[in-house]
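Reader: Hello! Could you walk me through one part of this structure in detail, with the cut-offs spelled out as you go?

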Amino acid sequence: MSESQTMSGRRRVLRGALAAAGTMFLSACDRLSQNESFVNLLKSAQHLSRSAHKAVTGRKAMAQEFSEADVAPRFRSNGTLMPRDASYRALVMNGFADWKLQVGGLVENPAAFSLAELRAMPSRTQITRHDCVEGWSAIGKWKGVQLSHLLEQVKPLPQAKYVVFRCADSMDNGPNDSTYYESVDLDDAYHVQTVLAYELNGAPLPMSNGAPLRARIERQLGYKHAKYLMRIELVDSFEKIRGGSGGYWEDQGYEWYAGI
Ligand SMILES: Nc1nc2c(c(=O)[nH]1)N[C@H]1C(S)=C(S)[C@@H](COP(=O)(O)O)O[C@H]1N2
Ligand SMILES: [Mo]
């Protein structure tokens, strides 16, 4: 046997061994894919790389967007479904013609915007998943104006750190102000997907989902997405606002940053 024949023989054996190993690997994979703990391991690795991705892209990272086919036939509602406050009732009676979103606090140009004015502004439509702490999720299509667009008009002052959302709905019957409120920092306020929505699934926002206008804070849990918006305030601290923790549920102990 010549030297070269020996070589090609060895190579053939090697190639055969590799092929066999490949088949073994494939069938092992096949078996592994049926193994729940291995699949969970893969999922957790995926999760790890997703959080690593978040750390790299930081607060600007986008929440996942979905397709029309994923939209839930009926978007659930939670918390207040029908504000009982007389002032809100009066706005409803008039089809929100008298409603205006007030924007003030630490801004150069305080302003108020009617629904018609908001609808005439550039809009963003997004299909996203809403995750409530109570353990349910729903995918909906939202249309509205980016909060960044409004902020560009009112011009926050340099000391402004947070945006506070003031809502129409009182959470209890007591004599004190118990209206729902929420807040975000400027990273979330200027996030591309932070939208003040006036439409859900192609129709005007239903009352149970926050008519006439509600916030979408897509990188955070459901309670951050304030419904029944009345006023937006730029502030440098929550200290003097109600319980001082930056939101109705936060004042009862919920986390202020509810990232998902
Ligand atoms: N004004 C107001 N906003 C609110 C609430 C509320 O009770 N009042 N509930 C919050 C909670 S816990 C969730 S999960 C979502 C529910 O939004 P949906 O009713 O459109 O599903 O709104 C959030 N925003
Ligand atoms: Mo929620």
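Author: Aspartate 85 sits in the loop that runs between helix H2 (36-57) and helix H3 (86-93); helices are DSSP runs of H or I with at least four residues, and strands are E runs of at least two, both numbered from the N terminus. This is a predicted model, where local features need pLDDT of at least 70, side-chain atom pairs count only at pLDDT 80 or more, and totals for chains, interfaces and linings use all residues. Residues are numbered from 1 along each chain as its sequence is written, chains are lettered from A and ligands numbered from 1 in the order in which they are written, and side-chain values use heavy atoms, leaving out hydrogens and water.

Aspartate 85 is buried (under 20% relative accessible area, with a 1.4 Å probe and protein chains only). Even so, aspartate 85 has no salt bridge, meaning a side-chain nitrogen of Lys or Arg within 4 Å of a carboxyl oxygen of Asp or Glu. Arginine 84 has the nearest side chain of opposite charge, 5.2 Å away; Lys and Arg count as positive, Asp and Glu as negative, while His and the chain ends are not counted.

What joins the side chains of aspartate 85 and serine 170? A polar contact of 2.6 Å does (a pair of N or O atoms within 3.5 Å; within protein, one must be able to donate a hydrogen and the other to accept it, and residues adjacent in sequence count only if both atoms are side-chain atoms). Setting aside residues up to four places away in sequence, aspartate 85 touches Ala168, Asp169 and Ser170, with contact meaning heavy atoms within 4.5 Å.

Notes
Buried < 20%, exposed > 50% of the residue type's maximum accessible area, 1.4 Å probe, protein only.
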